[in-house]
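Hi,

Here is the structure I promised to pass on to you. Please have a look at it, and then read my notes below.

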Amino acid sequence: MRRRTLLGTAAAAVTAAMSDATGAHAAPACPDTPRYLGMFREEDPAAIAADVERRYGVTPASVMWFDSWASGLPFPVSAARALWRRGVMPHYTWEPWNTALGPADPGQIHLTDIVDGAWDTYIRARAREFAAVRAPIMVRWAHEFNGNWYPWGIANNNTDPSLYVRAYRHVHDLVTATGARNVQWVWAYNNGSSPDAAYNDPAAAYPGDRYVDWVGIDGYNWGFGPSWDPAGDHWTTFDTTFATAYAKARTIAPKRPVMLGEFASSEDGGDKARWFREMDTTLRSDAYPDLKLLTYFDLTKEEPWSPSSSPAALTAFTSWVRQRYMKGRGRELARVAAGYARSEVATVHAPR
């Protein structure tokens with residue numbers, strides 16, 4: 001995760017009105033509707049699940065890790081298989097950039113390079129490794145494209161969202177043609193666009209239902225005085241952070257499940273334990289009905305995101321992840337997207 005501007009505070013004024021209209025605050029339904037816990041830690045993927053079990057007493061439904069294209073590293077097939085032996089679904093954030101270079105560096109990877117085929121050999125090599133897992137995996141490619149902090153961001157590619165769509169489809173089609181039909185594709189945007197301009201609306205960069213299995217949203221409660229605004233108060237509730245972005249997801253791709261690809265709360269400027277408790281209450285009420293996977297950013301980095309940042313926060317987080325509705329397993333998670341796809345087909349072919 002790099003520096004990103006949280007626009008949830010600016011959106012707070014419209015959140016309540018939008019959420020009632022879009023189902024973010026749906027009427028209470030079945031409290032047992034399953035949600036799935038995802039976790040990210042900066043560790044070997046195969047070790048994350050065991051560490052989460054040790055810390056919080058639960059097995060996550062998925063674990064996520066990152067890799068950049070310029071690293072040249074192979075996809076860790078053995079680690080992915082080891083996760084599945086524990087019943088945990090692998091979630092791979094695949095970043096098309098060179099982390100040693102700035103977004104505007106002439107040697108950086110940009111979307112035109114991908115569309116023009118400069119990375120096809122690399123893409124095919126990773127696709128063969130994806131296929132070798134022989135079990136479902138999530139691939140979150142070029143996330144947060146509506147921010148200006150990554151080289152694949154629309155702001156850094158001639159402010160042309162269609163170029164992002166072309167690059168995404170190119171990667172998807174190449175991976176699929178190489179035989180990796182076990183991939184579930186995650187199209188993920190930041191909860192606020194930076195800059196907030198018409199060209200940077202995520203809707204303009206949607207590749208289409210044929211190319212997307214999950215819609216992802218990234219968002220953080222930055223709290224008081226983050227590095228990008230040391231004097232600013234950016235403490236936001238779970239609802240303020242995500243309601244507007246969730247409503248947008250339901251408008252863009254209403255027939256796809258939603259995940260939080262990254263989320264976390266700081267300790268600075270508010271009550272983190274209360275933040276977790278209020279989130280739990282919201283989710284138990286069956287608000288955000290299509291929000292199925294929540295992937296927590298479990299480390300201390302720009303902010304003290306880790307649940308263990310205070311004893312009270314740790315207690316509240318542990319209570320949340322042990323709730324009955326959060327007990328979904330990886331094998332169930334792997335079937336969620338297919339369930340939405342079947343529903344779509346049934347709708348298309350329903351008698352008139």
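Predicted model: local features only at pLDDT ≥ 70, side-chain atom pairs only at ≥ 80, totals over all residues.

Let me start with the salt bridges, of which the count comes to 14. One of them joins Arg41 and Asp298, with the closest N and O atoms 3.0 Å apart. Arg41 sits in the loop between β1 and α2, and Asp298 in the loop between β10 and α9, so this pair ties together parts that are 257 residues apart in sequence. Arg41 is buried, at a relative accessible area of 10%, and Asp298 is buried too, at 0%. Both residues also belong to a network of salt bridges that links them with Glu43, Asp51, Arg54 and Arg55.

Asp290 lies in the loop between α8 and β10 and Arg250 in helix α7, so here the parts tied together are 40 residues apart in sequence. Both of these residues are buried.

Glu278 is partly exposed, with 33% relative accessibility.

Finally, the helix: α9 spans residues 311-321, and its buried residues are Ala313, Ala316, Phe317, Thr318, Trp320 and Val321. Among the elements that cover them are the strands β1, β9 and β10 and the helices α2 and α8.

Best wishes

How values were computed:
Residues numbered from 1 in each chain as written. Heavy atoms only, no water. Buried < 20%, exposed > 50% of the residue type's maximum accessible area, 1.4 Å probe, protein only. Helix = DSSP H or I, 4+ residues; strand = E, 2+ residues; numbered from the N terminus. Contact = heavy atoms within 4.5 Å. Salt bridge = Lys/Arg side-chain N within 4 Å of Asp/Glu carboxyl O.
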